Amino acid sequence: MHLSEIAHARAGDKGNLVTLSLIAYRSADYPLLEQHVTAGRVEKHLAEILEGPVSRYELPQLGALNFVLRRKQQYSVTRSLALDAHGKCLSSALLAIKL
Amino acid sequence: MLRGAHDQHVGGFGVSDSGAIREDEDLLVCGVELRRRAFEVEDSYIAAVGLALRRSFQASTLKVSLGYHDGFIGEGQISYAGPNAMLRAELARDVLAERLRDAGISELRFDLVGLNSIHGPTLSANVPAPYEVRLRVTGRVASQKFATRVPREVEALYTNGPAGGGAAGSTREVIAIHSALIPRGAITHMVHYEES
C-alpha cells in the first residue's frame, strides 16, 4: 500500500532546506510510520535531489514525523530552474512510498 | 503540524538555515519550550498547555538574508499532443540541446510537464505516456542578452521542429538570497516613533 492511504504530508522550504511532515490519519497507524519510514528510507527515495543526510524528528503525541532534508545547491528556492522551485510537491513524493 | 519558523527552538530540536541541523543549538530568536504532552484534543478543540517562555534564552547570532545578483534565466515552453506526443517532445528537446550548446548557458534544464517536471525522471519512471505533454527548457546565463536565446529558439520550433504549438517564453533576472548569521553585537538598532 502507498503511504498516501494511511497518512498525509505537507512540505515547507527555506533556501535549499525542505521539511516534510508525515501525519498518520489514525493514531493507531503511527507505529507503522515510525517503523518503516526511516530517515534512510526517505534518503533513498529522494536521492536524486538530495545532498547530505536526511534528519527525522518524531512527534508521537501528534502521530507525526518531520523530515528535514537539503536539496542540491542549484535547487535553492530563489535561483532554481525547476518548475516547483519551492519543492512544495515533495510531500507527495513522500506519500508515494510503498509499505 | 508542529512546526516552528526556522531558528526557533521547539521541543528539543532546532534548525539552522545556514548550517547543518543541530540538536540543542544555541540559535534561539525567541525561546518557547513545548513539553512533550503539550497538546490535548477534546471534541475538536486542541489545548496547548505547559508552554514556557524562557526569556534568558537569547541567541548570540541574528539571521541575515543577503540578496545578490545571480545572472538571468531564459525559459521556453511548447506543447505536443495526440499520437507520438512524447516522441515529438523528445525530438524537440534534442534539437534544443544542440541549438543551445554554445549559447553561454551554464546550466540547462529540460522538463516534460505532465510527465517528470516535478519529481524528476527516477520517481516518474514506468508510467504510461500522457496524451499531451509540454516541453519546458530553462537556461541559466550571465546576461539578459544570452537569456533571450532560450525563448527565441523555442519559438523557432514552430516552423523548424516537430508539429506542436502553444509556445511561450520569458526571461528574468535572478536576485538570489543567501542566509547567513551575524553576531548580535554587530547590530545596533533604534526605534523612531512619530505621532500625528
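Q: How much space lies in the largest pocket?
A: The largest pocket of this predicted model holds about 470 Å³ of space, taken as the volume filled by probe spheres set on joined grid points. A pocket here is an open set of points on a 1 Å grid where a 1.4 Å probe fits, with protein on both sides within 12 Å along at least five of seven lines.

Q: Which residues lie nearest its centre?
A: Of the 25 residues in its lining, Tyr75(A), Arg109(B), Asp111(B), Gly120(B) and Pro121(B) lie nearest the centre, where a lining residue has an atom within 4 Å of a point.

Q: And which element gives the most to that lining?
A: That is S6(B), with five residues; strand S6 (105-113) and helix H2 (120-123) of chain B each supply at least two, helices (H or I, at least four residues) and strands (E, at least two) being DSSP runs numbered from the N terminus.

Q: Is Ser117(B) buried or exposed?
A: Ser117(B), in the loop between S6 and H2 of chain B, counts as buried because its relative accessibility is 4% (buried is under 20%, exposed over 50%, partly exposed in between, with a 1.4 Å probe and protein chains only).

Q: What is Ser117(B) in contact with?
A: Leaving aside neighbours within four places in sequence, Ser117(B) is in contact (heavy atoms within 4.5 Å) with Leu83(A), Arg109(B), Asp111(B) and Leu112(B).

Q: Switching topic, which residues touch the most other members in the largest nonpolar core?
A: In this core of 25 residues they are Leu20(A), Leu22(A), Leu33(A), Leu46(A) and Phe67(A), a core being a set of buried Ala, Val, Leu, Ile, Met, Phe, Trp, Tyr and Cys residues joined through side-chain atoms within 4.5 Å. Strands S1 (7-14), S2 (17-24) and S4 (64-70) and helices H1 (30-36) and H3 (90-95) of chain A each supply at least two of its residues.

Q: What does Leu46(A) touch?
A: Not counting residues up to four places away in sequence, Leu46(A) touches Leu20(A), Leu69(A), Leu90(A), Ala93(A) and, from chain B, Leu123(B).

Q: And where is Leu32(A)?
A: Leu32(A) lies in helix H1 of chain A and counts as partly exposed because its relative accessibility is 29%. Beyond neighbours within four places in sequence, Leu32(A) is in contact with Met1(A), Ile6(A) and Val37(A).

Q: How are residues and chains numbered or lettered, and which pLDDT limits apply?
A: Residues are numbered from 1 along each chain as its sequence is written, with chains lettered from A and ligands numbered from 1 in the order written. Local features need pLDDT of at least 70 and side-chain atom pairs 80 or more, while totals for chains, interfaces and linings use all residues, and side-chain values use heavy atoms, leaving out hydrogens and water.
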